[in-house]
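Subject: Structure handover and findings

Hello,

Here is the structure for your files. My notes on what turned up follow below it.

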Amino acid sequence: MRVAVLHGEPEIFHSLQGEGPSQGEPAAFLRLAGCNLACRWCDTAYARGTARALELSPRGAAEIVAGFSPRPRLLVVTGGEPLLQQAALERLLPLLPGMRAEVETNGTLFPSERLLGCVAQWNVSPKLAHACAGAGPDPGVLRRFARTGRAWFKFVVRDEEDWREAAGLAERAGIPRGRMLLMPLASRRAELDAALPLVAALCLKHGVRLADRLHIRLWDGRPGL
């Protein structure tokens, strides 16, 4: 599998889940390299390509994850776009019994039946127009995620216009409002502090859950934490 490299090492680390329903839970993180999008505000652009990625076997990655002490109960697979490497994930996850797997995905690809059975939670982050140019998210793929009953949908928004885009996409994809989370656009603590009140107001106005960004609040956007 192609693993992102940070400071010369595979980006496999132990931290707190910073976003979504499991925010604050200790977790092992595995960042895979390669992505099928090129978002303007990507905070892990170094993981988009594969030229500098490290080739690591699923067993090798599992051994690193299993070596954390105390061993976390949660594994977060992120990227890049992890679903570009489904076959490797199908081999990796059964090697970590007792760990609950969450996969962060942009929602453009849908997992195989085998991989679906290995993942407890899908953290789907459809990209709105301010993030990526092009055709935009496929409501059909998002609808399939919604039907699993194990997906949460994180929308990065700045204002009411972004909310209308997110709400329209959710309606077309059959995403229940109770499974939507709104996150502010921010990569540093000062940006988060400035953006959060407006997004909180949107959540109150439209009855949607707010998603803070704990890793930015704690570590000011430093990677690998």
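This is a predicted model: local features need pLDDT of at least 70, side-chain atom pairs count only at pLDDT 80 or more, and totals for chains, interfaces and linings use all residues. Residues are numbered from 1 along each chain as its sequence is written, and side-chain values use heavy atoms, with hydrogens and water left out.

Sheet

Helices (H or I, at least four residues) and strands (E, at least two) are DSSP runs, numbered from the N terminus. Two strands pair if DSSP finds at least two bridges between them. Eight strands make an open sheet with mixed pairing, in the order β4-β5-β7-β8-β9-β10-β11-β12. β4 (12-16) and β12 (209-210) are the edges; each has a single partner strand, so one side of each lacks a neighbour in the sheet. β4 pairs with β5 (residues 26-31) in the antiparallel sense, over five bridges. In that pairing, His14 stands opposite Ala28 of β5.

Helix α5 (residues 160-173) lies across β10 (151-157) and β11 (180-184). Its angle to β11 is about 155°. Axes are lines fitted to C-alpha atoms, for helices over the stretch in contact (heavy atoms within 4.5 Å). Angles run from 0 to 180 degrees between N-to-C directions.

Aromatic rings

Rings of Phe, Tyr and Trp (its six-membered ring) pair if their centres lie within 6.5 Å; planes under 30 degrees apart count as stacked, over 60 as edge-to-face and the rest as tilted. The count comes to three aromatic pairs. Phe13 and Phe29 are stacked, at 5.0 Å centre to centre and 5° between the planes. Phe13 lies in β4 and Phe29 in β5, so this pair ties together parts 16 residues apart in sequence. Phe13 and Phe29 are buried. Here buried means under 20% relative accessible area, exposed over 50%, and partly exposed in between (1.4 Å probe, protein chains only).

Phe110 and Phe145 have ring centres 5.0 Å apart and planes at 65°, so that pair is edge-to-face. Phe110 is in the loop between β8 (100-105) and α3 (113-116), and Phe145 is in helix α4 (residues 139-148), so parts 35 residues apart in sequence are tied together. Phe110 and Phe145 are both buried. With Trp122 they form one aromatic cluster.

Trp152 has Arg179 over its face, at 4.3 Å from the ring centre. Arg209 also lies over the face of Trp152, at 5.3 Å. The rule for a charge over a ring: NZ of Lys or CZ of Arg within 6 Å of the ring centre and within 35 degrees of the ring normal.

Core

A nonpolar core is a set of buried Ala, Val, Leu, Ile, Met, Phe, Trp, Tyr and Cys residues joined through side-chain atoms within 4.5 Å. The largest has 50 residues, and Trp122 and Phe155 touch the most other members. α5 gives the most to this core, with six residues.

Backbone points to check

The Ser69 to Pro70 peptide bond is cis, with omega near 0°. Pro70 sits in the loop between α1 (58-66) and β7 (74-78). Gly79 and Gly80 are also joined by a cis peptide bond, with omega about 15°.

His7 is not a glycine, yet has a positive phi of about 55°. At 72% relative accessibility, His7 counts as exposed. Asp220, also not a glycine, has a positive phi of about 55°. Asp220 lies in the segment after α7 (214-219).

Best regards
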